[in-house]
Amino acid sequence: MNIDTDILPDILNFEPIYTPTEGEAKRDCARGCVVARATHGELQCKMKDSCSKLSTHDWLKGVPPFGEMDLYEVRFKNTHKAFYLNTTGIPLQKGDIVAVEATNGHDVGIVSIAGPMVMFQLKRHDIDPSTYEFKKIYRKAKMLDIEKWQEAITREHHTMIRARQIAVSLELNMKIGDVEFQGDGTKAIFYYIADERVDFRKLIKLFAEEFKIRIEMRQIGARQEAGLIGGIGVCGQELCCSRWMVDFISITTQAARCQDLSLNPQKLTGQCSKLKCCINYEAATYIDAQKSLPQLSQAIDTEDGPAFLIKTDILRGRLWFGYDPNDQIKVCELSPSRVREMMKLNQRGIKAPPLFGNRHEVDHESEFRSAVGEGSLTRFDEQSHKQHKKRHGHHRQRNHEKR
């Protein structure tokens, strides 16, 4: 397990707690912290921002806060974050563990953003500080608060597994994706997904008898579940929904069509089984670029026959035409202005010149190639055989010169 050098000196003398391997501190990426117990028995918890979900870089660090409002963003489990008001006046900074106000009892979280950056986060979440009722920060978490907090965390996984078993036994059409305990261990939030309305009366009664805590059922969507659980996308990076996205907008196949993407469900769907959020990132750019391209409703009539549109490079503004709609090898690249001229000739009842009548246009023929055949298993065998014959012939020639 890798531990950052900035926290390494502080945990060298720790005797680990809640750790699977002797001599290592536990990294809790769900809450973005590293937990270990010192040799004198004190439980230590330090913020680990690099593995936190929805982590935000404080690019206004060191800048004095705006106004008199003492607001802080507090991180809980996974993508659960909230804003709190420090009414006690105690000095707080990023990474401090605090006890905050809850509906019943108190919760424990980590200060993730302090200073003027909080105001930008409020604007991002459409929160008006003048009308919003912020909950309070009670104090910095004491050792007893941290002990109860960590004990509650160790119960979460077992509680989630047992809750799923109870839901299956009741034959409820729902999926429990995550469980988050309150810092004082008296309440738990059960995040679930359901396609239809679910009757929780019997389920909550069984949960309360089984776990001896207060129960809160919170419904989330498939995208929110992917953000809670996290993962790695096909791009090789962490999922956007768990890394930085807080708002989920609707995504349709029209966004894929305007980018000339293949409508393959296996390629367009993400780990949440919904259309990938990144499909919308460049959709507006492609829509604007398409306005400068000619709109073709049929093939262009040329002297050598009808020319079909084979491929379009929307961003570069280039179009490839060919006489065979199924042949992606023999194609000719044309500019939008040239295509418009050919369309005007057809509108006047005149056939356009042949595609390959100009030598300059034939030179563009090799710029676009189909990927068919590039994955052949024997494509390297012929090259290897030729190199072997060349080396063998060169070796025979050298032997002949020596003789």
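**Strand β11 and its partners**

Guide: β11 and strand β12 (residues 214-219) pair in the parallel sense over 6 bridges; strands are DSSP runs of E with at least two residues, helices runs of H or I with at least four, both numbered from the N terminus, and two strands pair if DSSP finds at least two bridges between them. The chain passes from β11 through helix α5 (residues 201-211) to β12 in a right-handed β-α-β crossover, that is, clockwise from the first strand over the helix to the second when the strands point away from the viewer. This is a predicted model, in which local features need pLDDT of at least 70, side-chain atom pairs count only at pLDDT 80 or more, and totals for chains, interfaces and linings use all residues. Residues are numbered from 1 along each chain as its sequence is written, and side-chain values use heavy atoms, without hydrogens and water.

Visitor: Which residue of β12 is the bridge partner of Phe190?

Guide: The partner is Met217.

Visitor: In what sense do β10 and β11 pair?

Guide: Strand β10 (residues 175-181) pairs with β11 in the antiparallel sense over 6 bridges, and Phe181 has Ala188 as its bridge partner. The two strands form a hairpin with 5 residues between them, where Gly185 in the turn has a positive phi of about 75 degrees.

Visitor: How do side chains lie along a strand?

Guide: In a regular strand they alternate between the two faces of the sheet. Here Lys187, Ile189, Tyr191 and Ile193 point one way from β11, and Ala188, Phe190 and Tyr192 the other way.

Visitor: Why is β11 described as largely enclosed?

Guide: Because 7 of its 7 residues (187-193) are buried, β11 is largely enclosed by the rest of the structure. Buried means under 20% relative accessible area, exposed over 50%, and partly exposed in between (1.4 Å probe, protein chains only).
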